[in-house]
Amino acid sequence: MSQRKIIHIDMDAFYASVEQRDHPDLRGKPIAVGGSAMRGVVAAASYEARKFGVHSAMPSITAKRLCPDLIFVKHRFEVYREVSNQIREIFAEYTGLIEPLSLDEAFLDVTELKQDNFSHLIDKTGNPSATMIAEEIRKKIFEKTQLTASAGVSFNKFLAKVASDINKPNGIKVITPPEAILFLENLPVEKFFGVGKVTAKRMHTLRIFTGKDLKQKSELELVQRFGKAGRHYYRIVRAEDNRKVNPNRIRKSIGAERTFFDDLKTEKEMLGKLIPIAEKVFDYMKKANNFGRTITLKAKTPEFQSITRSKTFNSEPKDQELFLSIVSDLLKKHFHEFQEVRLLGVQVSNLEKDQKMVGGVQLEFDFWDLENEQED
Ligand SMILES: [Mg+2]
């Protein structure tokens, strides 16, 4: 099989940059998109704010403490969605193989270009140059939106995704096949896409700090330590990732979650907050006439550790009372595992119907709380 050419495009501090673009008085200033209220959460931070350590998903009150001059701006999803459509139109000039990950990032497979009027993007070997395409896309994005994007270019999705982060903001990073192995060996494990904070910490206790350390471990050991993900880690560190750029990605779950200003400490307190979230999810499923067999409780501890516990049934619970009692039972059963929570959520998967995305945008985008829409 010939080498694939994958580009990952990621807008820089997307929501915050849109706000600075549209409000010149905010340019050059530390801003956060999100609520400044006691219970607010930062959805996106400008680069000026990031210098102070402000980042997305941070409680607004913490952000304000780190950066007293921080300006909070209310989100305008309809504008972000509009810009998102503009950049997708640019992507579509080159390829039909576009897989959006969120409003502001997408994978593109440009192994074969869409039309034949791109002669200026063909390299010496007669193939499309992904690097030239990525640069042209970044230029067009800026011309059309006055916003900058970063790009990662490589021969698989994993490497392209990791690469787009390297020279952010307004940068590009290309990882060629001969460079990939050394690049991955030197990469700290926390920079591996798919390795979260908790997993990175666990890896550190196993003295795995870089790709090189990760490579010393056998597949069996990694599977024993990390389950199915272990097999994935074993492969990606060897630059093996055959996942296709999938233009028909569909939403496979419905859910809602909420972050609390005060950490919840008792089961009763948690139940009181969880039930309205579960009701919201149930109402949505009913409206969409789309129920699911797997129900997941999500919790996040004050230390930001995420815990999910689920239960799968043979048929979809379609009765509200039944649904709510399943959610409460999950909490009661697993309450002792997290003690204190800063976030609770309910998610339903194994849906009867797939939730189609329209033009790559999830229809029920607004259904999710702002905190879910983190970006960088
Ligand atoms: Mg981004």
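In this predicted model, four strands build an open sheet in the order β9-β12-β10-β11, and their pairing is antiparallel. Strands β9 and β11 (306-312) stand at the edges with a single partner strand each, so one side of each has no neighbour in the sheet. On average, neighbouring strands here are turned by 15° against each other, direction ignored.

Let's look at strand β12 and its partners. Strand β9 (residues 253-264) pairs with β12 in the antiparallel sense over eight bridges. Strand β10 (residues 292-300) also runs antiparallel to β12, and eight bridges join the two. Another pair to find is Leu 264 with its bridge partner Val 341 in β12.

Two helices accompany this sheet. Helix α12 (residues 267-288) packs on it, touching β9 and β12, and its direction makes about 160° with that of β9. Helix α13 (residues 320-338) lies across β10, β11 and β12, running at about 35° to β10.

Why is strand β12 described as largely enclosed by the rest of the structure? Eight of the eleven residues of β12 (residues 341-351) are buried, so the strand is largely enclosed. Is Leu 351 buried or exposed? Count the C-beta atoms around it: 20 others lie within 10 Å, and a residue with 20 or more counts as buried, so Leu 351 is buried. Leaving aside neighbours within four places in sequence, Leu 351 is in contact with Lys 252, Ile 254, Asn 290 and Gly 292. Arg 293 is 58 residues away from Leu 351 along the chain, yet their C-alpha atoms are separated by 6.5 Å.

Now for another sheet. Five strands form an open sheet in the order β5-β6-β1-β7-β8, with mixed pairing. Its edges are β5 (98-102) and β8 (172-174), each with a single partner strand, so one side of each is left without a neighbour in the sheet. Neighbouring strands of this sheet are turned by 15° against each other on average, direction ignored. Strand β7 (residues 149-154) pairs with β8 in the parallel sense over three bridges, and Val 153 has Val 174 in β8 as its bridge partner.

| α12 (residues 267-288) | β9 and β12 | about 160° with β9 |

Which residues of α1 meet α4? Phe 14, Tyr 15 and Val 18 in α1 meet Val 79, Tyr 80 and Val 83 in α4. The residues of this contact divide into six nonpolar, no polar and no charged.

Finally, let's step back to the whole protein. It is divided into domain 1 (1-176), domain 2 (193-236) and domain 3 (253-355). Taken over C-alpha atoms, the centres of domain 1 and domain 2 are separated by 28 Å.

Key
Residues numbered from 1 in each chain as written. Predicted model: local features only at pLDDT ≥ 70, side-chain atom pairs only at ≥ 80, totals over all residues. Buried ≥ 20, exposed ≤ 12 C-beta atoms within 10 Å, placed from the backbone. Pairing = 2+ DSSP bridges. Contact = placed C-beta atoms within 7 Å. Nonpolar A, V, L, I, M, F, W, Y, C, P; charged D, E, K, R; others polar. Domains from an automatic or database assignment. Axes fitted to C-alpha atoms, helices over the stretch in contact; angles between N-to-C directions.
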